[in-house]
Amino acid sequence: MKLVFAGTPEVAVPALDALIASGRHEVAAVVTRPDAPAGRGRRLVASPVAERAEEVGIEVLKPAKPRDPAFLERLREIAPDCCPVVAYGALLPRVALDVPARGWVNLHFSLLPAWRGAAPVQHALMAGDEITGASTFLIEEGLDSGPVYGTVTETVRPTDTSGDLLTRLAFAGAGLLAATMDGIEDGSLTAVPQPDDGVTLAPKITVEDARVDWTAPALRVDRVVRGCTPAPGAWTTFRGERLKLVQALPLPERTDLAPGQLAAGKNNVYVGTGSHAVELLWVQAQGKKPMRAADWARGARITEGEQVGD
């Protein structure tokens with residue numbers, strides 16, 4: 001088939017690479033979000049997908065909105081059979097959905113109908129799911145509600161961050177998307193409607209969602225820290241300033257600290273929760289780089305009885 005691939009961030013690059021490498025289909029063009037300011041200089045930078053496409057000589061389309069007339073005209077000129085999508089980042093209007101004969105097929109990082117929305121991996125971790133995965137489905141105008149072509153499962157490991165899990169799913173999902181294109185092309189795959197039950201939503205995680213509630217059990221604190229790493233970053237406050245929590249470890253054997261109470265030893269920093277303590281391993285103070293929590297505590301000269309989350 002002739003394909004137009006739509007995607008933007010680094011997590012979409014493995015799928016683009018898999019489609020290029022398959023040799024069975026032609027990736028005629030890539031659709032991605034416009035260049036965005038990045039870094040201290042805030043200079044405009046192309047998306048990772050745009051950079052990869054340019055490296056291999058594939059045409060790159062960067063519409064401000066996917067309903068732009070010039071973009072739609074070019075899409076019709078290319079006349080793709082199918083448009084695979086991974087984390088493109090913009091809603092596709094009906095006028096765009098109608099262009100490819102076999103539709104737009106999305107790789108979504110959950111086992112649909114669970115975790116429909118922008119942040120499925122973060123929500124799966126924060127909810128304590130033991131198994132997650134990726135799904136390919138035919139895009140409709142609803143939110144991740146279209147019929148499913150295929151799935152792949154992935155075990156959630158005890159220390160996984162959302163970054164760890166998303167990286168594994170990006171590569172597993174890349175193979176799934178390539179296989180889905182093959183199955184659509186040869187007629188061996190049929191999309192199956194999603195069940196009505198089991199639907200959960202995964203809206204974008206806000207900064208406020210990432211704030212740690214120290215009265216919650218340690219298990220919940222651990223899930224929030226891992227689910228919000230690397231973005232948007234779990235955080236609390238200390239002496240009136242924000243403190244990012246990069247890595248923490250639940251310690252069931254320590255129950256002597258009140259929620260939010262700090263205890264700093266020579267090489268360890270502990271915080272009380274609603275159940276038992278957690279050990280802070282890595283933190284990032286406001287305006288500083290990430291550092292070992294013990295080094296941060298020595299520099300801050302924590303005194304007995306001090307709190308986080310004040």
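Reader: In which helix do Arg 298 and Asp 295 both lie?

Author: They both lie in helix α8, residues 293-300. They are 3 residues apart, about one turn of the helix. Helices here are DSSP runs of H or I with at least four residues, strands are runs of E with at least two, and both are numbered from the N terminus. Two notes before we go on. This is a predicted model, where local features need pLDDT of at least 70, side-chain atom pairs count only at pLDDT 80 or more, and totals for chains, interfaces and linings use all residues. Residues are numbered from 1 along each chain as its sequence is written, and side-chain values use heavy atoms, with hydrogens and water left out.

Reader: What do the side chains of Arg 298 and Asp 295 meet in?

Author: Start with the general idea. Side chains of opposite charge can pair when their charged atoms come close. A salt bridge is a side-chain nitrogen of Lys or Arg within 4 Å of a carboxyl oxygen of Asp or Glu. Arg 298 and Asp 295 meet in one, at 2.3 Å from N to O.

Reader: How many salt bridges does the structure hold?

Author: It holds 17. Another joins Arg 226 to Asp 222, with the closest N and O atoms 3.1 Å apart. Both residues lie in helix α7 (residues 218-227), 4 residues apart.

Reader: Which parts of the chain does the salt bridge of Arg 24 and Asp 186 link?

Author: Those two side chains meet at 3.4 Å, N to O. The pair links distant parts of the chain: Arg 24 sits in the loop between α1 (13-22) and β2, and Asp 186 in helix α6 (residues 162-186). They are 162 residues apart. Arg 24 is partly exposed at 39%. Asp 186 is partly exposed at 44%. Both also belong to a network of salt bridges with Asp 182 and Glu 185.

Reader: Now strands. Why is β10 largely enclosed by the rest of the structure?

Author: Count its buried residues. In β10 (residues 234-238), 5 of the 5 are buried, so the strand is largely enclosed. Look at the two sides next. Ala 234, Thr 236 and Phe 238 point one way, while Trp 235 and Thr 237 point the other.

Reader: Which strand does β10 pair with?

Author: Two strands pair if DSSP finds at least two bridges between them. β10 pairs with β11 (residues 241-251) in the antiparallel sense, over 5 bridges. Thr 236 stands opposite Leu 243 in β11. The hairpin has 2 residues between the strands, and Arg 239 there takes a positive phi near 50 degrees.

Reader: Last one. Where is Thr 32 found?

Author: Thr 32 is in the loop between β2 (26-31) and β3 (36-38). It is buried, with a relative accessible area of 0%. A polar contact is a pair of N or O atoms within 3.5 Å; within protein, one must be able to donate a hydrogen and the other to accept it, and residues adjacent in sequence count only if both atoms are side-chain atoms. The side chain of Thr 32 makes one with the side chain of Ser 47, at 2.7 Å.

Terms used:
Buried < 20%, exposed > 50% of the residue type's maximum accessible area, 1.4 Å probe, protein only.
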